[in-house]
Amino acid sequence: MSAVPAKSSSSSRPRKDKDDTSNPDINLASIGNYVFQKTVGEGNFAKVKLAKHKLTGVEVAVKIIDKTTLDEKKLSKLYREVRIMKLLHHPNIVKLYEVIETKYTVFLVMEYASGGELYDYLVVHGKMKEKEARAKFRQILSAVSYCHKKRVIHRDLKAENLLLDANLDIKIADFGFSNYFDPDSKLDTFCGSPPYAAPELFQGRRYTGPEVDIWSLGVILYVLTTGCLPFDGKNLQEMRESVCRGKYRIPFYLSDYCEKLLRKFLVRDPYKRAGLEMLIDDAWINEGHADSPISTDVSQKVEENEAIIRLMVQKYSLDRDVLIQKLKDNVYDEVSSIYYLLYYE
Ligand SMILES: CC1(C)C(=O)N([C@H]2C=Cc3c(O)cccc32)c2nc(Nc3ccccc3)ncc21
């Protein structure tokens, strides 16, 4: 039971040829105030490099997107991802510090989660005891309900997209499939990775939004506590049948409260599936946390920190009013990024 499942790819995208050198930005050693160190990840349309901010020394992760490989649709999805990242300020969601755009490339300067993927953590350490799974799951739940309160759905929640920072706190990454939702209308794009996808997505049904993230949260809870996927299959057809049948094994070692919680998440009928507001006072979620309910409106909205502003004005001879106005306007440039890096450090 403890064999952690194989990585799930969110959707098959054509690999672009590696050696196209039409984009002069792709192999830069630095960009803006950031010096690249090593490659942390490579996707089909983006490369992520570890970098260091020259002025503050803070380590960041820079997502480098080669615009020349994107068509109109993908480009608008990229700008939507950036708009959504600018909206989200939560301790368990990776932060966006700065956006640098050239003719060919977009550089998203973001928080670096040095602990890597929760997926890899499970491969190394095996399933978690319920106490540890609860601590992680509470952070995930807090971040996802914060997104839903902002009318944002992630749509690709999975162990591979849950990163860990140096303190092993959760940092939700990769909002590439995220979107806004309207409680009174339906979305119909099939997103996410099959083992974590809700039955209605396999059935091509339209959905409101939050309910598909909630299904994925149920799968994540199962993976955290058992180290296995609840639904599996040799191919997409088998996976689809397994998810739509909705039957999964409950290992003997799972507590009753944990089993009851799984049953609230993994409900095939999206209209019967629990909403996050109901789950916040679930018995398993609150075991040992009676005095500290999950705070869902944890907005780390950046307030003006006088000490940091004064330090920046003196050390980098920046104009105080210009800096404060940038923070008010939610700007993500080389000046405001110094503030964010010092503020969140
Ligand atoms: C910018 C951002 C948010 C991002 O896009 N990635 C990529 C890159 C690799 C990867 C992945 O393996 C899974 C999800 C996201 C990602 C990041 N990876 C990290 N740390 C890390 C450290 C060791 C191994 C994997 C990830 N910190 C921040 C980011």
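The second largest cavity of this predicted model has a volume of about 40 Å³, where a cavity is a set of points, on a 1 Å grid over the protein atoms alone, at which a 1.4 Å probe fits but cannot get out. Volumes here are the space filled by probe spheres set on the grid points, which are joined across faces, edges and corners. Because the model is predicted, local features need pLDDT of at least 70 and side-chain atom pairs count only at pLDDT 80 or more, while totals for chains, interfaces and linings use all residues. Residues are numbered from 1 along each chain as its sequence is written, and side-chain values use heavy atoms, with hydrogens and water left out.

**Cavities**

- The count comes to 2 cavities of 30 Å³ or more.
- The second largest cavity is lined by Met85, Leu88, His89, Lys95, Leu96, Tyr332, Tyr340 and Tyr344, where a lining residue has an atom within 4 Å of a point.
- This lining of the second largest cavity divides into 6 nonpolar, 1 polar and 1 charged residues; Ala, Val, Leu, Ile, Met, Phe, Trp, Tyr, Cys and Pro count as nonpolar, Asp, Glu, Lys and Arg as charged, and the others, Gly among them, as polar.
- The largest cavity, with a volume of about 80 Å³, is lined by 14 residues, of which Arg155, Cys191, Gly192, Leu201 and Ser216 lie nearest its centre.
- Helix α5 gives the largest share of the lining of the largest cavity, 3 residues, and by class that lining has 8 nonpolar, 3 polar and 3 charged residues.

**The second largest pocket**

- The second largest pocket has a volume of about 440 Å³, a pocket being an open set of points with protein on both sides within 12 Å along at least five of seven lines.
- Its lining consists of 23 residues, of which Pro210, Glu211, Ile214, Gly275 and Glu277 lie nearest the centre of the pocket.
- At least two lining residues of the second largest pocket come from each of α3 (130-149), α5 (210-226) and α8 (276-279); helices (H or I, at least four residues) and strands (E, at least two) are DSSP runs, numbered from the N terminus.
- By class, the lining of the second largest pocket has 9 nonpolar, 5 polar and 9 charged residues.

**Helix α12 and Tyr340**

- Helix α12 is largely enclosed by the rest of the structure, because 7 of its 9 residues are buried; buried means under 20% relative accessible area, exposed over 50%, and partly exposed in between, with a 1.4 Å probe and protein chains only.
- The buried residues of α12 are Ser336, Ser337, Ile338, Tyr339, Tyr340, Leu341 and Tyr344, and what covers them includes β2 (34-42), β3 (46-53), β4 (59-66), β5, α10 (306-315) and α11 (320-328).
- Tyr340, which has its place in helix α12, counts as buried because its relative accessibility is 3%.
- Leaving aside neighbours within four places in sequence, Tyr340 is in contact (heavy atoms within 4.5 Å) with Tyr97, Val302, Leu327, Asn330, Val331 and Tyr332.

**Aromatic rings and charges**

- There are 12 aromatic pairs, in which rings of Phe, Tyr and Trp (its six-membered ring) have centres within 6.5 Å; planes under 30 degrees apart count as stacked, over 60 as edge-to-face and the rest as tilted.
- One of these pairs is tilted and joins Tyr97 to Tyr344, at 6.4 Å centre to centre and 40° between the planes.
- That pair links distant parts of the chain, as Tyr97 is in strand β5 (residues 96-101) and Tyr344 in helix α12 (residues 336-344), 247 residues apart.
- Tyr97 counts as buried because its relative accessibility is 5%, and ring pairs link Tyr97, Tyr332, Tyr339, Tyr340, Tyr343 and Tyr344 into a cluster.
- Lys95 lies over the face of Tyr344, at 4.6 Å from the ring centre; a charge sits over a ring if NZ of Lys or CZ of Arg is within 6 Å of the ring centre and within 35 degrees of the ring normal.
- The charged end of Lys127 sits over the ring of Tyr253, 4.7 Å from its centre.

**Positive phi values**

- Most residues other than glycine have a negative phi.
- Asn330, in the loop between α11 and α12, has a positive phi of about 55° although it is not a glycine.
- Leu168, in the loop between β9 (162-164) and β10 (170-172), has a positive phi near 60°.
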